[in-house]
Amino acid sequence: MIQLSQIRKSYHTEYTHLEVLKGIDLNIEAGEFVSIMGSSGSGKSTLLNILGILDDYDSGEYRLDNKLIQDLSQKQAAHYRNQFIGFVFQSFNLLPFKTAIENVALPLYYQKIERKKRQEIAMEYLTRVGLRDWADHLPNQMSGGQQQRVAIARALITQPKVILADEPTGALDTQTSYDVMKIFKEVNDQGITLIVVTHENDIANMSKRVIRLTDGLISGNETVQVGKTQSAQ
Amino acid sequence: MFDFDKWQEIFSSIRRHKLRTLLTALGVFWGIFMLVLLLGAGNGMQNGVEYQFRDDATNSIWVRRGTTSMPYKGLPKGRRIQFSNKDYDFIDEQYPEAENLTGRFYLSGDQTVVYGKKKLSFPVRGVHPGHQYVENSRVYEGRFINKSDLKDIRKIAVIGKIAKKELLGEQVDAIGKEIKIGGIVYTIVGLFEDSGGDNEMRVIFIPMSTAQTVYAGTDQIHQLMFTGGDMTVPEMKQLENKIRMDLAAMHEFDPKDKRALYMFNVAEEFETFQSLFFAIRMFVWFVGIGSIIAGVIGVSNIMLIIVKDRTKEIGIRKALGATPYSIVTMILQESILITAVAGYLGMIAGIGAIALLESIESEYFRNPQVNLGVAIVATLVLVISGTLAGLMPALQAARINPVVAMKSD
């Protein structure tokens with residue numbers, strides 16, 4: 001599903017030159033549930049942004065579903081994001097002036113699906129994350145866990161090939177985090193590839209493979225043993 | 001193509017951001033409102049003053065007697081200048097370009113006028129036939145005073161519409177009826193209206209010769225007036241000066257003595273007002289365009305704020321698959337909708353305010369109106385410039401990296 005070879009990315013400012021990714025090689029198969037771990041500054045967020053076609057890279061090759069993702073126009077990038085990728089963010093990133101159902105339906109708007117159909121599908125996905133009764137609530141009327149579930153429904157609604165989650169539990173308490181991860185697991189069970197960036201070990205251990213990033217390079221790549229809750233550092 | 005979904009998206013955005021929308025709308029509304037109001041008020045003032053001149057022929061010269069204020073050829077100052085038939089005949093013979101020459105003889109005070117059992121007071125004036133043109137009186141029934149009336153010293157009267165109504169009532173056919181003015185019987189030969197107002201239509205005109213003979217026993221004339229045909233303002237001024245010189249010679253006063261003889265040149269006065277209006281119009285446009293520019297700047301500022309305000313939203317939308325084009329059109333369509341509606345409302349409100357002003361009864365304000373084309377163009381200018389002002393930040397916003405945008409607050 002995802003092939004990265006020798007991905008490099010650096011940021012330039014007037015005074016500094018910062019190499020964030022120093023040659024990443026990574027393969028993720030369809031249906032995998034991968035977590036990416038690393039301390040802050042390790043480049044994990046940059047990597048996720050490149051995977052999500054939110055940012056471009058300097059050299060190397062990135063293939064998503066066998067399509068080369070390189071030098072895309074903004075329009076093409078938007079199209080691929082809409083078709084292939086669902087995002088879940090640490091800060092939920094729901095539109096505050098839209099209700100839960102409208103937020104969930106938004107990606108379909110950019111697929112030019114008509115409003116009534118959008119609402120129907122959105123309700124279906126809201127039901128899946130257990131928020132059917134919250135459809136007409138605004139984000140600020142909901143708890144963090146509920147908001148993140150709305151965001152997950154929004155990520156799922158386009159039936160993407162990959163879901164990218166950037167610290168999805170970072171703003172949630174432990175119990176709510178586990179609930180969210182449970183939903184992710186169910187999603188993954190349906191065959192959708194899942195990549196979660198986190199710095200929490202217990203969250204990472206709920207995935208099936210943990211990739212560790214240190215200073216812009218992959219420093220670890222281990223499969224999580226079923227039943228094991230704490231990974232050795 | 002009409003994209004229903006997009007408009008729904010825009011309407012929902014407007015509904016959720018009432019203050020932002022209101023502020024944008026207010027700037028546009030006020031700009032257009034002020035422009036329309038100013039233009040209308042300017043026109044109203046112009047119409048009002050122009051209406052003042054409608055009473056009299058706009059190219060007429062009025063000559064009134066005065067008292068000398070300078071000694072001249074051994075004569076002391078303080079002499080009263082008197083006009084007589086001699087002056088009338090002199091101007092009549094020497095200045096054929098002075099058209100509709102007429103004198104005016106004021107019978108002292110209002111005269112008691114009697115019709116049947118009715119006894120009322122009206123101003124009575126002795127005039128020449130040209131008077132109706134100088135004064136812009138419109139004879140709507142019968143005739144005005146003619147030369148034979150003067151020659152034969154006929155006891156006939158031409159009476160104003162209001163005087164007729166008060167004296168004879170509305171139903172009675174006035175022509176041929178007899179009225180008594182100061183005890184002497186006159187036959188009504190004509191009725192007139194005058195745009196100068198009710199007071200002008202209470203006047204009763206009788207032949208100059210009759211007034212002089214019957215009431216004064218002199219050949220005095222109190223005032224002289226004439227019109228200048230198609231003469232231009234400088235030509236009128238020249239004529240005025242020549243007549244002043246001649247009258248000064250005849251009455252032996254210094255031609256430079258402005259108080260000996262008052263000459264009122266309506267054409268000149270009218271021209272002064274015309275240039276005043278030009279100045280007012282310029283001022284109105286200056287202020288109006290200023291308010292439009294202020295509106296444009298206001299809209300631009302708010303567009304900048306809107307785009308900044310929506311950066312995070314734009315980032316989220318981009319992450320979810322919005323193309324740069326859809327972002328730009330979303331922002332612009334919203335701004336166009338707001339400015340167009342606000343501009344339209346401002347225009348309507350301005351026109352409404354002008355309609356209210358129309359009810360103002362004032363000497364110098366009348367029938368304000370605004371050129372609808374101008375108002376529409378002004379609105380369009382605001383809408384287009386508001387759009388252009390929003391275009392730059394919108395394009396910038398559409399280019400922004402979604403990750404960066406989402407991190408902003």
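Start in chain A and select helix H1, residues 44-51. Helix H1 of chain A lies across strands S1 (2-12), S2 and S4 of chain A, running at about 120° to S1(A). Helices (H or I, at least four residues) and strands (E, at least two) are DSSP runs, numbered from the N terminus. Axes are lines fitted to C-alpha atoms, for helices over the stretch in contact, and angles run from 0 to 180 degrees between N-to-C directions. Contact means heavy atoms within 4.5 Å.

A word on the ground rules: this is a predicted model, where local features need pLDDT of at least 70 and side-chain atom pairs count only at pLDDT 80 or more, while totals for chains, interfaces and linings use all residues. Residues are numbered from 1 along each chain as its sequence is written, chains are lettered from A and ligands numbered from 1 in the order in which they are written, and side-chain values use heavy atoms, leaving out hydrogens and water.

Now bring up the sheet. Four strands of chain A form an open sheet in the order S2-S1-S4-S5, with antiparallel pairing; strands pair if DSSP finds at least two bridges between them. At the edges, each pairing on one side only, are S2 (17-28) and S5 (67-68) of chain A. Zoom in on S4 (residues 59-64) of chain A: two bridges join S4(A) to S5(A), and the two run antiparallel. Click Arg63(A), and you'll find Leu68(A) of S5(A) opposite.

Most residues other than glycine have a negative phi. Phe92(A), though not a glycine, has a positive phi of about 65°. Look for Phe92(A) in the loop between strand S6 (85-89) and helix H3 (100-109) of chain A. Is Phe92(A) buried or exposed? Phe92(A) counts as buried, at 9% relative accessibility (buried is under 20% relative accessible area, exposed over 50%, partly exposed in between; 1.4 Å probe, protein chains only).

Hop to chain B and pick Lys73(B), not a glycine either, with a positive phi of about 45°. Lys73(B) sits in the loop between strands S1 (60-65) and S2 (83-84) of chain B, and Lys73(B) is exposed, with a relative accessible area of 70%.

Last stop: select H9 (residues 266-309) and H12 (residues 372-399) of chain B, which pack at an angle of about 25° with their axes 9 Å apart. That makes H9(B) roughly parallel to H12(B) (angles under 35 degrees count as roughly parallel). Show the side chains at the contact, including Trp285(B) and Met303(B) of H9(B) and Leu382(B) and Pro393(B) of H12(B).

Note on methods
Parallel < 35°, antiparallel > 145°, perpendicular 65-115°, else oblique.
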